Amino acid sequence: LYNIILKLRSGELDIQTSDPLWEEKLKQFQELEETTYISALSRLEEYATNPLLKKLFSTDSLADVLEPGNLIVVNAGNAYIGDKASFLMIAGWVYKLWYSVLIRKAMKRKLIPVLTIIDEFAVIADLSIIDVILSQARKFYMHLVLSHQHTDQVKNLLKSIFSNTAVKVLMRTA
């Protein structure tokens, strides 16, 4: 996608179409101010240049992940891969899982529960899709376990978390 965007912008890639709307949008894209274009492209750059992210997200299929009995463990600790790549990896997996369960439901496939455990949830709590997932995941058999240190880390989601989940508070006593 990153390379296609670069080639569309420069005119190296010419897509033959008779759709006037497509032609108009392509022209608008090619005439974007440089700063706007670079800002938008920079959001994809890490996925295109980081070897780990490129390998993980170069496929669009999660069909195998949603099969019964599968266990996927993703260690996205920032100590191993850096803060930016860690965020992108966790966010990417959450988006892929969410859209995979939506597609599975739309295709009327058997709904097998998907348990998603996110440690250090605060890292991705600001993603716009999280509130939607919290309110709708149950009907798609997607179950979430979210862990973090304190509620200030997710204060913008507290109402959604408390109203859409079966909250369990676990503490250690001395």
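1. Ile-15 lies in the loop between H1 and H2, where helices (H or I, at least four residues) and strands (E, at least two) are DSSP runs numbered from the N terminus. At 32% relative accessibility Ile-15 counts as partly exposed; on this scale buried means under 20% relative accessible area, exposed over 50%, and partly exposed in between, with a 1.4 Å probe and protein chains only. Not counting residues up to four places away in sequence, Ile-15 touches Leu-8, Trp-22 and Glu-23, contact being defined as heavy atoms within 4.5 Å. The C-alpha atoms of Ile-15 and Tyr-37, which are 22 residues apart along the chain, are separated by 20 Å.

2. This is a predicted model, in which local features need pLDDT of at least 70 and side-chain atom pairs count only at pLDDT 80 or more, while totals for chains, interfaces and linings use all residues. Residues are numbered from 1 along each chain as its sequence is written, and side-chain values use heavy atoms, with hydrogens and water left out.

3. Leu-13 is also placed in the loop between H1 and H2, and with a relative accessible area of 31% this leucine is partly exposed. Once its neighbours within four places in sequence are left aside, Leu-13 is in contact with Ile-4, Lys-7 and Leu-8. Between the C-alpha atoms of Leu-13 and Asn-3, ten residues apart along the chain, the separation is 9.9 Å.

4. The axes of helix H1 (residues 2–10) and helix H2 (residues 20–30) come within 8 Å and cross at roughly 90°, the axes being lines fitted to C-alpha atoms over the stretch in contact, with angles running from 0 to 180 degrees between N-to-C directions. H1 and H2 are therefore roughly perpendicular to each other, given that angles of 65 to 115 degrees count as roughly perpendicular, under 35 as roughly parallel, over 145 as roughly antiparallel and the rest as oblique. Ile-5, Leu-8 and Arg-9 of H1 and Leu-26, Phe-29 and Gln-30 of H2 make the contact. These residues divide into four nonpolar, one polar and one charged, where Ala, Val, Leu, Ile, Met, Phe, Trp, Tyr, Cys and Pro count as nonpolar, Asp, Glu, Lys and Arg as charged, and the others, Gly among them, as polar.

5. The largest nonpolar core has 31 residues, and those with the most contacts inside it are Trp-98, Phe-121, Ile-124 and Ile-130; such a core is a set of buried Ala, Val, Leu, Ile, Met, Phe, Trp, Tyr and Cys residues joined through side-chain atoms within 4.5 Å. Helix H6 (83–106), strand E1 (114–118) and helix H7 (128–136) each supply at least two residues of this core, with the largest share, ten residues, coming from H6. Leaving aside its neighbours within four places in sequence, Ile-130 is in contact with Val-94, Phe-121, Ile-124, Ala-125 and Leu-157.

6. Two aromatic pairs are found in a search of the whole structure, with rings of Phe, Tyr and Trp (its six-membered ring) paired if their centres lie within 6.5 Å, and planes under 30 degrees apart counted as stacked, over 60 as edge-to-face and the rest as tilted. The rings of Tyr-95 and Tyr-99 have centres 6.1 Å apart and planes at 20°, so this pair is stacked. Both tyrosines lie in helix H6, four residues apart, about one turn of the helix; Tyr-95 is partly exposed at 26%, and Tyr-99 is partly exposed at 41%. Trp-98 and Phe-140 form an edge-to-face pair, 5.5 Å centre to centre with 85° between the planes. That pair links distant parts of the chain, with Trp-98 in helix H6 and Phe-140 in the loop between H7 and strand E2 (142–146), 42 residues apart. Both Trp-98 and Phe-140 are buried.

7. Two backbone angles deserve a comment. Lys-108, in the loop between H6 and E1, has phi near 60°, a positive value in a residue other than glycine, and is exposed at 75% relative accessibility. Tyr-141, in the loop between H7 and E2, likewise has a positive phi near 60° and is partly exposed at 37%.
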